[in-house]
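Here is a structure to read by question and answer. Keep the sequence and the model side by side.

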Amino acid sequence: MIRVSAPGKILWIGSYSVVFGGISHVIAVNKRVNCSIKEINDKRSLIFHTSYGDFKNTGNALINSVLDTFRERLELPQGYEIELYNDKEFIIDGKKTGLGSSSASTVALTACLYYVLKGKLDLFEIHKLAQIANYKRQRGIGSGFDIASAVFGSIVYKRFTDIEKMDFYHEKLNLGNYDMILGFTGRSSETVGLVRKFVEKSYLEDFKEMMRLIDDENNMAIKLIKLSKMDEAVEHVRLGRKYLNYLAERIIGVKLVSKDEEELIKIAENEGALIALSPGAGGGDSIFALGENLDKVREAWRKKGIYIIDVKEDDGLKLLFST
């Protein structure tokens, strides 16, 4: 048997701008997807047991995108039973919390199948295969930051310009021992649809200029994080988010942060968070807070009926064991 594990993620620097070639920082967190694979007697079948149901020889869109990629790029192993299960915090009351279950599942399944064929985990090869599968499933929408983080951990990331060249940039960058929480509001956002709206307006000069301003702030924030100047870094993150919200409302015609979410952000920062924001594509599913001690934030958010998910920074893809 082989078992691997891939982390969830929080994109807190580079939301939307990463899609258009901007710099980002994504945090790998300790909510993970585990995948195990073992041989079975039926050498012509693949049996799947997953958080989304049981399948034989085919699966949901995520599973099928990975299987198709192996058929095209390597070969598809046969005669195996596969278990693919999320930590419970990825989905609460049937709704995704925004921690990246799809990307972590794609990477974990890719890694299991790759290990069967090659007897090792080659992170760059697994990353490329998982990116191709994800790219197909999303029909080219997205940047792949979530796949990269599920493989490499917490990273500075710039997207590839060509899926075949895989000319992405990544650099390991851990934040260290900060207190981090995700407050789940009970809603789910539709990431691909939101990103598509940005893509539709990306030809406008005003759009391009705002993205340049956002990327400047994000670059400065990341430089300051590298210098361990988090207090200064978050001011640039905050300004970049203001530019992003302006762009969304004035040019795209969508509101990424509701009044309720603005209130939660204000509460968090008043109660000791260094910064709070709507991570990833926004749209209402969760609020992320980071600080030295967030106990007062936890208490205040719970009073508002917010489900608290405690997260810690974690490693990327892991091989748990093989026999």
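The questions below go from a sheet to its helix, then to other helices and single residues.

This is a predicted model: local features need pLDDT of at least 70, side-chain atom pairs count only at pLDDT 80 or more, and totals for chains, interfaces and linings use all residues. Residues are numbered from 1 along each chain as its sequence is written, and side-chain values use heavy atoms, with hydrogens and water left out.

Q: In what order do the four strands of the open sheet stand?
A: Helices (H or I, at least four residues) and strands (E, at least two) are DSSP runs, numbered from the N terminus. Two strands pair if DSSP finds at least two bridges between them. The pairing in this sheet is antiparallel, and the order is β11-β12-β10-β13.

Q: Which strands stand at the edges of this sheet?
A: An edge strand here has a single partner strand, so one side of it is left without a neighbour in the sheet. That holds for β11 (275–277) and β13 (307–311).

Q: By how much are neighbouring strands of this sheet turned against each other on average?
A: Axes are lines fitted to C-alpha atoms, for helices over the stretch in contact, and angles run from 0 to 180 degrees between N-to-C directions. For this average, direction is ignored. The turn is 20°.

Q: Which residue in β12 stands opposite Ile 275?
A: Strand β12 covers residues 286–291 and runs antiparallel to β11. Three bridges join the two. Opposite Ile 275 stands Leu 290.

Q: Which helix lies across β11 and β12?
A: The helix covers residues 259–270. It runs at about 165° to β11. It is α8.

Q: How far apart are the end C-alpha atoms of α8?
A: The expected span of a helix is 1.5 Å times one less than its number of residues. The 12 residues of α8 should therefore span 16 Å, and the model agrees. The end C-alpha atoms are apart by 16 Å.

Q: Within what arc do the buried residues of α8 fall?
A: Buried means under 20% relative accessible area, exposed over 50%, partly exposed in between (1.4 Å probe, protein chains only). The buried residues of α8 are Glu 261, Leu 264, Ile 265, Ile 267 and Ala 268. The arc is that of the directions from the helix axis to the C-beta atoms. The buried residues line one face of α8, because they fall within an arc of 160°.

Q: Which exposed residues does the face of α8 turned away from its buried side carry?
A: Contact means heavy atoms within 4.5 Å. The buried residues of α8 pack against β11, β12 and α9 (295–303). The face turned away carries Lys 259, Lys 266 and Asn 270.

Q: At what angle do α1 and α2 pack?
A: Helix α1 covers residues 61–73 and helix α2 residues 101–118. Among the residues making the contact are Leu 62 and Phe 70 of α1, and Leu 109 and Tyr 114 of α2. The axes are 10 Å apart, and the angle is about 35°.

Q: How many residues of helix α4 are buried?
A: Helix α4 covers residues 145–152. What covers its buried residues includes β1 (2–13), β2 (24–39) and α2.

Q: Which residue follows α4, with a positive phi?
A: The phi is near 95°. The residue is Gly 153.

Q: Is Tyr 16 buried or exposed?
A: Tyr 16 sits in the loop between β1 and β2. Its phi is positive, about 70°, although it is not a glycine. Most residues other than glycine have a negative phi. At 4% relative accessibility, Tyr 16 counts as buried.

Q: What is the relative accessibility of Met 166?
A: Met 166 lies in the loop between β8 and β9. Its phi is positive too, at about 50°. Met 166 counts as buried, with a relative accessibility of 11%.

Q: What is the relative accessible area of Tyr 307?
A: Tyr 307 lies in strand β13. Not counting residues up to four places away in sequence, Tyr 307 touches Lys 88, Ile 92, Leu 182, Gly 183 and Phe 184. Tyr 307 is partly exposed, at 39%.
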